[in-house]
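Here is a short note to read beside the model. Please keep the viewer open and find each residue as it is named.

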Amino acid sequence: MKKPPPAVMRITKGAKVQHLDREYVVQNLVDMNLILAQEVGSEQQVLLQLDSLQSPRPVASGEGPIPPAIDLESISQDDWDIAKSRRALIDPWITGTRQSRAEYKIQAEAAGIGVATLYRWLAAYRNTGLLSSLLPSKRGGGHRKSRLPPEIETILNDCIENFHLTQQKVSIAATTREVRRRCSNADLPKPAATTVRRHIEWIDEQTRLKRREGDRVAKLRFDPKIGKIPDANWPLAIVQMDHTLLPVIIVDDEHRRPINRAWITLAIDVFSRMCVGMYLTLDPPSAMSAGMCVLHAMFPKNKWLSRLGLSDLDWPCYGVMDTLHMDNAREFRGNMLKAAGAEYDIDVTLRPVKKPHYGAHIERLMGTVSEELKSVKGATFSGPKEKGDYDAEGNACMTLGELEKWLTLVFVRYHCNIHKGIGTTPLTKWREGIFGTKDIPGRGLPLVRLDEEKARMDFMPYEERSIQDYGVVLDKIFYYHDVLRPWINARDPDNPKLARQFRFRRDPRDISQLYFFDPDIQQYYAIPYRDTGLPAISIWEWRETQKRARELGIPDYDERAQFSYLNRQRDLEADAAQKTKQARHAQQVKKEHAKARTVKKHTELPKVSKPTASAEPPALPGYDRSKVRPLDDEY
């Protein structure tokens with residue numbers, strides 16, 4: 001089997017990297033985005049930018065992105081707990097505080113595992129940086145597949161579950177005798193003692209200890225001994241995130257007339273006060289906003305700065321945070337953020353109710369941004385009293401894109417100003433946390449993640465739906481591709497009376513396709529509209545169209561009719577954009593969604609080549625094509 005490429009890249013002294021198809025060895029870290037390296041072969045010393053480096057084993061041309069290996073939301077909490085306990089065991093070697101083989105052996109014996117197992121866990125985690133690489137193997141597959149007859153295995157499993165895994169702490173020998181006694185009473189062959197022992201050892205040690213000794217003992221044994229952190233002691237230890245409606249009116253791109261205010265989602269590193277992530281949008285706060293902000297924080301920002309035309313600026317912070325603090329807003333409480341947080345080993349923590357000091361750092365950052373915006377034309381200030389007779393709409397002058405650039409400049413300047421709370425600049429504090437000082441060692445450069453497409457999928461909202469012979473229906477829009485055929489009318493494996501539910505991820509800004517995770521192939525596939533001639537739209541625009549269509553009596557199933565009405569709406573909005581703020585706002589939102597689709601094309605999933613989509617998908621129930629009006633019909 002071909003070994004998958006690494007999903008992370010470590011920038012440490014002695015590490016091998018690639019630059020323009022040449023291999024180098026890292027000699028020293030010169031700055032947060034600059035390394036001194038020596039070319040392998042010629043031994044030439046060069047300075048290389050961090051964002052120009054690749055893993056020494058990059059993905060070969062044409063292979064596409066690293067495929068997501070698992071459906072995160074399908075993992076049980078018990079399995080996540082096991083993976084976390086394994087992560088705690090290997091943590092000393094990940095952080096570089098232990099090196100010798102003797103210490104490997106001591107740690108392995110204390111945990112009741114072999115040294116080879118500890119090596120394997122460490123290698124898996126170093127190669128991916130993902131907690132899912134430490135998940136337990138599913139029982140019944142590979143070397144853990146039981147070969148016992150079903151009736152004997154049923155007796156054995158019941159004895160393990162209700163006789164051995166109890167706080168009576170029954171020995172393996174006593175459990176073996178009980179299994180053999182029950183099999184004898186049932187006139188079945190008696191399994192060997194080694195067979196019983198092997199089945200018990202298949203159960204993860206943490207689970208065994210928890211069932212036989214209790215939660216407290218299991219936590220003392222397996223939970224990391226890091227204590228409570230009242231504040232962050234290193235970069236990315238704690239990151240706080242929140243949304244706010246910016247107090248400034250912006251204008252549309254075309255007519256440069258006022259439309260509305262924009263939302264921003266910000267993330268701040270508590271240790272250094274660096275703003276590590278931001279996401280600006282005209283859409284209301286959602287799980288997608290939160291996910292996009294986390295992604296912005298996780299990955300280097302050089303490419304994003306280049307897209308803004310600000311490649312000369314330095315915003316050097318990136319990396320996966322240890323803990324993510326958020327308030328209790330609904331968009332932060334969804335399963336998507338929990339599952340994605342578990343995968344990337346992020347402790348997602350919701351702020352305690354009625355304890356605002358837990359979010360003080362992000363609140364102050366948003367206050368700083370609001371204060372800066374008071375100097376911008378079109379500012380709405382903090383209220384009517386402060387605003388006075390100032391005409392915010394009449395003075396508005398910046399588009400959303402210009403506002404994003406302006407805010408970027410604000411943050412770059414903010415990073416270089418003295419912060420009273422830390423007594424130095426955020427950039428200096430971040431640098432000290434990375435490289436260390438004469439008294440305190442630094443944490444080193446964070447891992448550079450190479451799997452941006454996988455991360456984008458993991459932080460994208462999802463819906464669960466069954467697959468019918470006509471495809472999938474989501475928000476009364478039909479989606480179909482032949483890749484769904486093997487799962488049509490699939491039944492729930494745990495309850496055959498129910499239809500099996502599958503997860504479909506979707507970008508709310510572009511609902512022209514869903515992303516289906518095939519459980520067998522372990523890969524995401526893009527599932528387009530059934531009617532591929534329909535235009536790309538956002539979920540907010542589609543819901544508004546449905547509302548208007550119901551008022552006109554257009555049937556829900558008649559997609560072409562509804563999209564025809566949508567096209568008429570767009571034409572009317574374009575005509576009215578010069579006259580009304582609402583129309584200009586709607587037009588600008590569509591442009592921003594179109595920009596997002598353009599950027600997404602560069603990291604799109606590979607196109608499905610097999611099986612080929614059918615020319616004519618299965619017919620819809622109660623769907624008469626002869627009654628469907630063309631897209632350009634008038635209503």
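1. A residue counts as buried when its relative accessible area is under 20%. The model is predicted. By that cut-off, phenylalanine 502 and phenylalanine 516 are both buried, and phenylalanine 504 is buried as well.

2. A pair of aromatic rings is described by how far apart the centres are and by the angle of the planes. The whole structure holds 9 aromatic pairs. For phenylalanine 502 and phenylalanine 516, the ring centres are 5.9 Å apart and the planes lie at 65°, so this pair is edge-to-face. Phenylalanine 502 belongs to strand E19 (residues 502-507) and phenylalanine 516 to strand E20 (residues 510-518), 14 residues apart.

3. Phenylalanine 516 also pairs with phenylalanine 504: with centres 5.3 Å apart and planes at 25°, the rings are stacked. Ring pairs join Trp487, Phe502, Phe504 and Phe516 into a cluster.

4. Beyond four places in sequence, the residues in contact with aspartate 458 include Leu72, Met336 and Arg505.

5. Helix H5 (residues 172-185) and helix H6 (residues 193-201) have axes that come within 9 Å and cross at roughly 115°. The crossing is right-handed. On the H5 side, Ile172, Thr175, Thr176 and Val179 meet Ala193, Val196, Arg197 and Ile200 of H6. By class, this contact has 5 nonpolar, 2 polar and 1 charged residues.

Technical notes:
Residues are numbered from 1 along each chain as its sequence is written. This is a predicted model: local features need pLDDT of at least 70, side-chain atom pairs count only at pLDDT 80 or more; totals for chains, interfaces and linings use all residues. Side-chain values use heavy atoms; hydrogens and water are left out. Axes are lines fitted to C-alpha atoms, for helices over the stretch in contact, and angles run from 0 to 180 degrees between N-to-C directions. Helices (H or I, at least four residues) and strands (E, at least two) are DSSP runs, numbered from the N terminus. A crossing is left-handed if the near helix is turned anticlockwise from the far one by less than a right angle, and right-handed if clockwise. Contact means heavy atoms within 4.5 Å. Ala, Val, Leu, Ile, Met, Phe, Trp, Tyr, Cys and Pro count as nonpolar, Asp, Glu, Lys and Arg as charged, and the others, Gly among them, as polar. Rings of Phe, Tyr and Trp (its six-membered ring) pair if their centres lie within 6.5 Å; planes under 30 degrees apart count as stacked, over 60 as edge-to-face and the rest as tilted. Buried means under 20% relative accessible area, exposed over 50%, partly exposed in between (1.4 Å probe, protein chains only).
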